[in-house]
Amino acid sequence: MIDKSLRWVDDRLGIAKGGRTFLDKIFPDHWSFMLGEIALYSFVVLMVTGVFLTLYYVPSAHEIVYHGSYIPLRGQKVSEAYSSTVGLSFDVKSGLLMRQAHHWAADIFLGSIAVHMARVFFTGAFRKPREFNWIVGVTMLMLGIINGFLGYSLPDDLVSGTGIRIAFSIVESIPLVGSYLAFFLFGGNYPGNGVIIPRFYVLHVLIVPLVIMGLLGAHLGLLVKQKHTQFKGKGKTENNVVGSPMFPTFMAKTTGFLFMTTAVIFLLGGFAQINPIWQFGQYEPFQISYAVQPDWYMGWLDGAARIMPSWEFVGWGHTIPLEIFLPAIIFPGIIFNIFVFWPFIESHHTKDLAYHNLLDRPRDRPKRTAAGAAMLSLLFMTFSASSTDVMANFFQVPLKDVLWFFRFAVIIVPIVAYVVTYKICNEMRAAEGVGKRKRAQIILRSPAGEYTTVESEPRPGDGHEELDAIPVPTYIDLVPPELATGAGVRRVIR
């Protein structure tokens with residue numbers, strides 16, 4: 001019956017040939033290729049837990065009196081959005097688990113995308129013919145950050161409300177059209193007439209996820225269509241892929257990885273508290289909490305805004321608040337434009353227009369690796385700057401001193417990171433003889449206490465260069481004849 005059913009479907013859709021090709025696709029066995037799987041599976045958890053949350057969440061800013069099970073909040077006026085989120089945490093079975101798992105899945109989703117794209121960048125997997133897939137990945141990262149912000153803005157607690165207030169200021173800072181855009185988005189001057197939460201809700205649960213799903217489908221489709229990249233090694237060329245087939249090996253491995261990723265997310269959701277909105281309270285425009293930072297993927301923007309000097313431009317009847325426009329609009333615009341156009345920038349600089357299916361070792365591309373290290377250093381410095389108030393309080397130093405430290409650090413640290421990384425890569429290449437395997441040094445000591453250094457032949461097996469296996473000389477082959485008969489000879493291999 002199953003055979004007849006499948007044949008009936010295949011006669012009408014012709015899926016057998018494509019399905020066979022898909023099941024026979026080879027996947028490399030290197031562990032780093034599983035980083036993208038984490039992003040995929042955390043997105044699945046996001047979708048499943050998100051559906052659960054939508055059954056109980058009320059996207060409304062209308063004020064009601066809270067009568068739930070959380071005693072400290074009883075009798076207070078709160079928005080329906082805040083009340084439903086607190087109720088979801090305390091009154092719905094497994095509600096808090098699903099809320100926290102959803103939040104952790106969002107953090108892991110964006111974190112795995114960032115790490116996956118770092119692997120793609122440092123190994124050169126974005127080169128021809130995969131430039132478009134790189135752009136798709138960057139776009140998914142941007143949409144993921146936007147949707148993460150929309151998501152943690154929905155509870156209407158003090159932290160998320162402050163974030164929405166900052167978002168209004170960011171939109172309003174855009175020259176010429178900013179005030180009109182902010183007025184349209186919020187339905188009036190801040191805080192608007194209560195339409196912002198329903199609008200964020202529609203964007204968060206419907207529009208942005210559908211776009212991400214479409215991009216994810218395009219990403220996987222291109223992955224199947226193009227040859228999978230792989231690291232250099234024995235038997236690996238630009239025209240083949242060495243690894244495990246989709247069925248049954250990779251399918252069994254990736255299914256197990258799905259269960260592991262899901263288990264870790266729900267363990268975090270059950271045991272690691274995140275975003276306890278009942279402690280923050282209902283949002284009030286005149287209140288703000290100390291030591292509160294956004295989720296990690298928004299921290300670099302928050303830090304950039306904190307350390308920006310209070311500059312503004314006044315001219316031609318307009319005022320541009322540079323203190324928010326530069327760090328929140330111009331800075332991320334430059335960063336993501338560099339990300340999007342990097343494959344073309346590098347190919348133009350190196351004049352490399354060839355197809356690449358074999359990956360680079362980061363050390364073999366010192367300039368690219370150094371540029372990536374500088375970018376990561378810049379983003380880490382701005383991310384660290386998002387906790388300037390906490391640092392000032394912890395180290396008992398004036399806040400302005402911490403701000404000035406980071407204002408210099410965001411410039412100096414990336415430059416230092418570039419220079420140091422570039423030199424390290426060149427040193428590692430030089431130690432290998434620029435493509436040759438590093439020789440082992442054997443230090444011999446004679447009975448009289450004299451040390452002698454002997455270099456062995458190149459050692460095979462590092463898995464990157466395709467060289468014929470060279471037998472490693474034995475100890476007795478390397479000992480000089482005059483020392484071979486001595487007693488007490490010791491060796492040290494490094």
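This is a predicted model: local features need pLDDT of at least 70, side-chain atom pairs count only at pLDDT 80 or more; totals for chains, interfaces and linings use all residues.
1. Overall make-up. The chain has 494 residues, of which 43% count as buried, and its secondary structure comes to 18 helices and nine strands. Along its principal axes the C-alpha trace spans about 95 × 75 × 50 Å.

2. Helix H5. This helix covers residues 95–123, and the distance from its first C-alpha to its last is 42 Å, close to the 42 Å expected for its 29 residues at 1.5 Å a residue. H5 is also mostly covered, with 22 of its 29 residues buried. Just after the helix, Gly 124 takes a positive phi of about 75 degrees.

3. Helix H13. Residues 322–350 form a helix of 29 residues whose end C-alpha atoms are only 36 Å apart, which falls short of the 42 Å that a straight helix would reach at 1.5 Å a residue. When inspecting H13, the reader will find a kink of about 60 degrees at Phe 341, shortly before the proline Pro 343. Just after H13, a positive phi of about 60 degrees is taken by Lys 351.

4. Packing of H6 with H13. The axes of H6, which spans residues 131–153, and of H13 come within 9 Å and cross at roughly 170 degrees. Because angles over 145 degrees count as roughly antiparallel, the two helices H6 and H13 are therefore described as roughly antiparallel to each other. On the H6 side the contact is made by Glu 131, Trp 134, Ile 135, Val 138, Leu 141, Met 142 and Ile 145, while H13 contributes Phe 336, Phe 339, Val 340, Pro 343 and Phe 344. Sorted by class, the residues of this contact between H6 and H13 are 11 nonpolar and one charged, with no polar residue.

5. Thr 85 in helix H4. Is Thr 85 buried or exposed? Thr 85 lies in H4, a helix of residues 80–90, and it counts as buried because its relative accessibility is 5%, where the cut-off for buried is under 20%. Leaving aside residues up to four places away in sequence, Thr 85 touches Tyr 57, Arg 99, Pro 155 and Ile 277.

Notes. Residues are numbered from 1 along each chain as its sequence is written. Side-chain values use heavy atoms; hydrogens and water are left out. Helices (H or I, at least four residues) and strands (E, at least two) are DSSP runs, numbered from the N terminus. Buried means under 20% relative accessible area, exposed over 50%, partly exposed in between (1.4 Å probe, protein chains only). Contact means heavy atoms within 4.5 Å. The expected span of a helix is 1.5 Å times one less than its number of residues. The bend at a residue is the angle between axes fitted to the seven residues ending there and the seven starting there. Axes are lines fitted to C-alpha atoms, for helices over the stretch in contact, and angles run from 0 to 180 degrees between N-to-C directions. Angles under 35 degrees count as roughly parallel, over 145 as roughly antiparallel, 65 to 115 as roughly perpendicular and the rest as oblique. Ala, Val, Leu, Ile, Met, Phe, Trp, Tyr, Cys and Pro count as nonpolar, Asp, Glu, Lys and Arg as charged, and the others, Gly among them, as polar.
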